[in-house]
Amino acid sequence: MRFRIITQRLEKHLTLSVDGDVLTLNGEELDFSFLQEGEWLPTDAVGNEWIGPGGVERIDGKILLTIIIPYGRNPPAELLSPPAEVEWGVDWLALPAYGEPINPTPEDLGEPIANG
């Protein structure tokens, strides 16, 4: 499976796994095994918020789709300029892409702010 990458600053987490033509995103299995060589499935037909524009297609025997990778504060620099495409199991793809605050504030730590 190959991914075109779009990164977005989102306060959501994403878990991703691949098993053959089955992509699992936050526990939801998307089985693309029915797609034949050269066939294309529009993004709207997939119905998953993590699948970006361009739909899903099978090219050279592999599923190719655009995936939205969320990042939090202080993401790794390489995430801000991701490669155009990555292949599962071959290229690096780190998830979730949430960095920790360098100087956390009470809000970052979930603590109430004391007044006065």
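A salt bridge here is a side-chain nitrogen of Lys or Arg within 4 Å of a carboxyl oxygen of Asp or Glu. Keep that cut-off in mind, as the tour returns to it at the end.

**Before you start**

You are looking at a predicted model, in which local features need pLDDT of at least 70 and side-chain atom pairs count only at pLDDT 80 or more, while totals for chains, interfaces and linings use all residues. Residues are numbered from 1 along each chain as its sequence is written, and side-chain values use heavy atoms, with hydrogens and water left out.

**The whole chain**

Show the protein chain as a cartoon: it has 3 helices and 8 strands. Helices (H or I, at least four residues) and strands (E, at least two) are DSSP runs, numbered from the N terminus. Followed from the N terminus, the order is β-β-β-β-β-α-β-β-α-β-α.

Of the 116 residues, 34% are buried. Buried means under 20% relative accessible area, exposed means over 50%, and partly exposed lies in between (1.4 Å probe, protein chains only).

**The open sheet**

Now select β5, β6, β7, β1 and β8. Together they make an open sheet of 5 strands, in that order, with mixed pairing. Two strands count as paired if DSSP finds at least two bridges between them. At the edges stand β5 and β8 (85-87), each with a single partner strand, so one side of each has no neighbour in the sheet.

- Strand β5 (residues 40-41) runs antiparallel to β6, with 2 bridges; look for L41 opposite V56 in β6.
- β6 and β7 are antiparallel over 5 bridges, and I59 stands opposite K62 in β7.
- β1 and β8 are antiparallel over 3 bridges, and the bridge partner of F3 in β8 is V86.

**Two hairpin turns**

Stay with β6 and β7, which form a hairpin with 2 residues between them. Zoom in on D60, in the loop between these strands. D60 is not a glycine, yet its phi is positive, at about 50°. With a relative accessible area of 69%, D60 is exposed.

Next, pick out β3 and strand β4 (residues 28-31), an antiparallel pair with 4 bridges. Here L23 stands opposite L30 in β4. This hairpin also has 2 residues between its strands, and N26 takes a positive phi near 50°. N26 is partly exposed, at 39% relative accessible area.

**Into the core**

Hide the surface and show side chains. The largest nonpolar core has 24 residues, and those with the most contacts inside it are F3, L23, L25, F32, V56 and L65. Such a core is a set of buried Ala, Val, Leu, Ile, Met, Phe, Trp, Tyr and Cys residues joined through side-chain atoms within 4.5 Å. The elements giving two or more residues to this core are β1 (2-9), β2 (16-19), β3 (22-25), β6 (51-59) and β7 (62-71). The largest share, 6 residues, comes from β7.

Which residues surround L65 once its neighbours within four places in sequence are left aside? Select M1, R2, F3, R4, L23, F32, I51, G55 and V56: L65 is in contact with each of them. Contact means heavy atoms within 4.5 Å.

**Salt bridges to finish**

The structure holds 4 salt bridges. Here are some stops among them.

Begin with E85 and R2, whose side chains meet at 2.9 Å, N to O. E85 is in strand β8 and R2 in strand β1, 83 residues apart. Both ends are partly exposed: E85 has a relative accessible area of 31%, and R2 is at 23%.

Move on to K12 and E49, with the closest N and O atoms 2.6 Å apart. K12 sits in the loop between β1 and β2, and E49 in the loop between α1 (43-46) and β6. K12 is partly exposed, at 38% relative accessibility.

Your last stop is R58 with D21, a salt bridge of 2.7 Å, N to O. R58 lies in strand β6 and D21 in the loop between β2 and β3, so the pair ties together parts 37 residues apart in sequence. Is R58 buried or exposed? R58 is buried, with a relative accessible area of 10%, whereas D21 is partly exposed at 23%.
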